[in-house]
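Subject: Structure handover and notes

Dear colleague,

I am passing on the structure below, together with my notes on what I found in it. Please read the notes with the coordinates open beside them.

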Amino acid sequence: MPDRPEIVCICGSVRFMDEMSAANRDLTLAGVIVVAPGVFLRDGDHEADELITNEQKTALGALHLRKIDLADRVLVVNPGGYIGESTSREIAYAQATGKPVSFTDPAFGDTAVIS
């Protein structure tokens, strides 16, 4: 038996907030420690833009990279193969640091739609 449970960092577009929540739930019930985005910012969300500064947005992005550092592996939530710009950066970071990366839509893992 391992000394501690596996740690998985969830990455993905905020448009898949519900899917990320479901993945978090499933992993947690399987005994996995999950780290995931804690604040969901959507493009065009003017209320969020008023509440969160650009400096805070930058800090949140850097914080998510630290979550990847803590994880044993990364799970990308990518229904339909969609991977946005931020998630693409997170995947590149995870791969550069030697973290295994898997996808909820593995058929699109290597040919994901990046926008």
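What percentage of the 115 residues of the protein count as buried? The share is 35%, where buried means under 20% relative accessible area, exposed means over 50%, and partly exposed lies in between, with a 1.4 Å probe and protein chains only.

Some conventions come before the rest. This is a predicted model, in which local features need pLDDT of at least 70 and side-chain atom pairs count only at pLDDT 80 or more, while totals for chains, interfaces and linings use all residues. Residues are numbered from 1 along each chain as its sequence is written, and side-chain values use heavy atoms, with hydrogens and water left out.

Confidence. The mean pLDDT of the protein (the predictor's confidence in each residue, from 0 to 100) is 87, and 82% of its residues reach 70 or more. Over residues 111-115, however, pLDDT stays under 50, and for this stretch the model has 12 contacts beyond four places in sequence, a contact being heavy atoms within 4.5 Å. Where pLDDT is low, the predicted coordinates should not be read in detail.

Overall architecture. The secondary structure comes to 4 helices and 6 strands, both taken as DSSP runs numbered from the N terminus (helices are H or I with at least four residues, strands are E with at least two). Along the sequence they follow the pattern β-α-β-α-α-β-β-α-β-β. Among contacts between residues at least 6 apart in sequence, 77% join residues at least 24 apart. The accessible surface comes to about 7,000 Å², of which 55% belongs to carbon and sulfur atoms; these areas come from the Shrake-Rupley method with a 1.4 Å probe, and for residues only the protein chains shown count as cover.

Helix H1. The 13 residues of H1 (residues 17-29) should span 18 Å at 1.5 Å a residue, and the end C-alpha atoms are 18 Å apart, which agrees; the expected span is 1.5 Å times one less than the number of residues. Met-20, Ala-23 and Leu-27 are the buried residues of H1. Seen down the axis, the buried residues of H1 fall within an arc of 60°, so they line one face of the helix, the arc being that of the directions from the helix axis to the C-beta atoms. An α-helix has 3.6 residues a turn, so residues three or four places apart point the same way. The buried residues of H1 pack against strand S1 (7-12), strand S2 (33-35) and strand S3 (73-77), whereas Asp-18, Arg-25, Asp-26 and Leu-29, on the other side of H1, are exposed. After H1 comes Gly-31, whose phi is positive, near 90°.

Helix H3. With 17 residues, H3 (residues 54-70) reaches 25 Å from its first C-alpha to its last, close to the 24 Å expected at 1.5 Å a residue. His-64, Lys-67 and Ile-68 are its buried residues, and they cover an arc of only 100° around the axis, which puts them on the same side of H3. Their cover includes S1, S2, S3 and H4, while the face turned away from the buried side carries the exposed residues Glu-55, Thr-58 and Leu-70.

Helix H4. In H4, the buried residues are Thr-87, Glu-90, Ile-91 and Ala-94; they cover an arc of only 100° around the axis, which puts them on the same side of H4. The buried residues of H4 pack against S1, H3, S3, S4 and S5, and the exposed residues Glu-85 and Ala-96 sit on the face turned away from the buried side.

Gly-98, whose phi is positive, near 80°, follows H4 and is found in the loop between helix H4 (85-96) and strand S5 (101-103). At 59% relative accessibility, Gly-98 counts as exposed. Gly-81, in the loop between S3 and strand S4 (82-83), counts as buried at 0% relative accessibility.

Cysteines. The structure holds 0 disulfides, a disulfide being a pair of cysteine sulfur atoms within 2.5 Å. Cys-9 is in no disulfide, and the nearest cysteine sulfur, that of Cys-11, is 4.2 Å away. Cys-9 counts as buried at 0% relative accessibility, and Cys-11 counts as buried at 1%.

Best regards
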